[in-house]
Amino acid sequence: VIQSYIATMAQEKHDLQLEDVQDYTSDYPPDYPGAEGAETKRRGLLCGLIMGNKKMTCLLALVFILVIAIVTILVVGADENAIEGFHQPLIIIDPSTLDASVTGPLMASLLAMYDRNGMDSTPLDPSSGDNTPQRRAFFWLAHENQNLDHSTKMARYALAVLYYSTNQVPTEFDEEPETWYVARRWLTKASYCEWHGIVCDAQGRVEALEMDRNFLTGVLPIELRILEDTLYSIDVADNGISMSEEDFDVFLNLVNLEEFFGDNNYLEYSEGLPPQMASLVNLEQLTMSYNLLGGELSADSVIPAMGQLTHIEMEANYFSGSIPDYIGEMEDLVYFYMRRNNFNGDLSFLEGGAMTTLFAMWLDGNDLTGTIPAQVGSLQNLASLSVSNTKLKGPIPAEIGDLLKLRRVWMYDNQLTGEIPLSLQKLDKLEVLELHNNNMSGSMPQGICDIFAGVDYDFKALTADCNGAVSCSRSCCTKCY
């Protein structure tokens, strides 16, 4: 079931990237957070060199593969217990092989740690059986029995619980999951800083979990709280993690978390965002697209508690109702991606005019109603606007012409009326302006035609209903509808 779901989501994700490549991967101004233009241009130059020197490229590729193979053998092969290859079997320790002189003090130390952190130690109790992630992590830690300082030992325990909580754990969406795709060096005696996906700071403390696209299932364990002092980023996007209700307790104490990437999983909550996430007061980037989140955000207290947010991306969920007014009060918000939900309110949240740092806003694929407010002209840093495939009506406000940094605009498939504003001729950075499938009339302003005549951009698009009520020559519009 999950493989079929992941395949479908992967295709949708692929379509999303193809559709949006112009905004995610090219020509972002370097001073905007998350800009990736420079990296894309470097990749483009590299591709050009490869295409022009195919024979040399093949030779270099063979040499590179040989070098990687040799290094892998030397590094990974140096540890006889190292985990190699993909989808390696789960590591299970037989508790009957453990030394009681080790397990006794270790259990006491763990229980004291649970008590200090206010965590429920029931899953670590023998009465819970030997197959809980906590018991399995305890057995492994006792088995390796390294002479380590307390903090390191507790961090290894927390990561071991993560391993057993998300590795080949059946869920309602996947009853027979595979093991992690990559588990290089996990649960070896190597420093956890060498384990796949673990990023450490200069002092060897865990600061990031980069576990995206790795076949994780199950839940994120509350034991990640042990890492709370230094953990600032969690990336578990594109997995099969299934969480609801109390499973979100893992977020209660991660107050230093700045980034959470949870796209394309089974994160389920029906009343907005899980209330436990209100503890993430230092969060800057929140991405949870393609999940099972629903309900209204208008009464939600979670996002208002995240006072540092600059990036909200929760597309393709089931959120409904109006986009809350508090969104329009977020002065530091740079990216707002909420398309393909079930929002059915209007754009009145923009009327406060406070979102002066907003760079990209995509709300397409919702049932938005009403008109585009004139206050949209206050979004002085807006470069990318998508409100296509909604139910917006009325004229395009002339104030959009005040958005001098605007480059890409999608307003097709709506019920917009009136003429194309002459003020859009001031937008000399425009590369995309798609206005087709509306009820507009009049002519495409010549100044807009002149702007697009000088655009050197592979994805440039100027569309209108020029097979109908809008007059736009074939030499001006790139496509007529």
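Cys466 is the residue I looked up first, and I find it buried at a relative accessible area of 14%, where buried means under 20% relative accessible area, exposed over 50% and partly exposed in between (1.4 Å probe, protein chains only). I keep in mind that this is a predicted model, in which local features need pLDDT of at least 70 and side-chain atom pairs count only at pLDDT 80 or more, while totals for chains, interfaces and linings use all residues. I number residues from 1 along each chain as its sequence is written, and side-chain values use heavy atoms, with hydrogens and water left out.

**Disulfides**

I noted that Cys466 forms a disulfide with Cys480, the sulfur atoms being 1.9 Å apart; the criterion is a pair of cysteine sulfur atoms within 2.5 Å. Cys466 sits in the loop between β20 (461-464) and β21 (470-471) and Cys480 in strand β22 (residues 479-480), so the pair ties together parts that are 14 residues apart in sequence; helices (H or I, at least four residues) and strands (E, at least two) are DSSP runs, numbered from the N terminus. Cys480 is buried as well, with a relative accessible area of 10%, and the link is left-handed, with -105 degrees about the S-S bond.

I then turned to Cys472 and Cys477, which a disulfide joins at an S to S distance of 2.0 Å. The torsion about their S-S bond is about 110 degrees, so this disulfide is right-handed, and both cysteines are buried.

For Cys193 and Cys200 I recorded a disulfide with sulfur atoms 2.2 Å apart, and it is left-handed because the torsion about the S-S bond is about -100 degrees. Cys193 counts as partly exposed, at 28% relative accessibility. Searching the whole structure, I find 4 disulfides, and with the bonded cysteines of the chain numbered in sequence order the pairing reads 1-2, 3-6, 4-8, 5-7.

**Aromatic pairs**

I counted rings of Phe, Tyr and Trp (its six-membered ring) as paired if their centres lie within 6.5 Å, with planes under 30 degrees apart taken as stacked, over 60 as edge-to-face and the rest as tilted. By this rule there are 21 aromatic pairs. One of them is the edge-to-face pair of Tyr114 and Tyr157, at 6.2 Å centre to centre and 70 degrees between the planes. Tyr114 lies in helix α4 (residues 100-116) and Tyr157 in helix α6 (residues 150-166), so the pair ties together parts that are 43 residues apart in sequence. Tyr114 is buried at a relative accessible area of 1%, and Tyr157 is buried at 0%.

Trp180 and Trp186 also make an edge-to-face pair, 4.8 Å centre to centre with 90 degrees between the planes, and both are buried.

**Open sheet**

I traced 5 strands in an open sheet with parallel pairing, in the order β4-β6-β8-β10-β12, where two strands pair if DSSP finds at least two bridges between them. The edges are β4 (242-244) and β12 (342-343), each with a single partner strand, so one side of each is left without a neighbour in the sheet. Strand β10 (residues 318-321) pairs with β12 in the parallel sense over 2 bridges, and Gly321 stands opposite Phe343 in β12.
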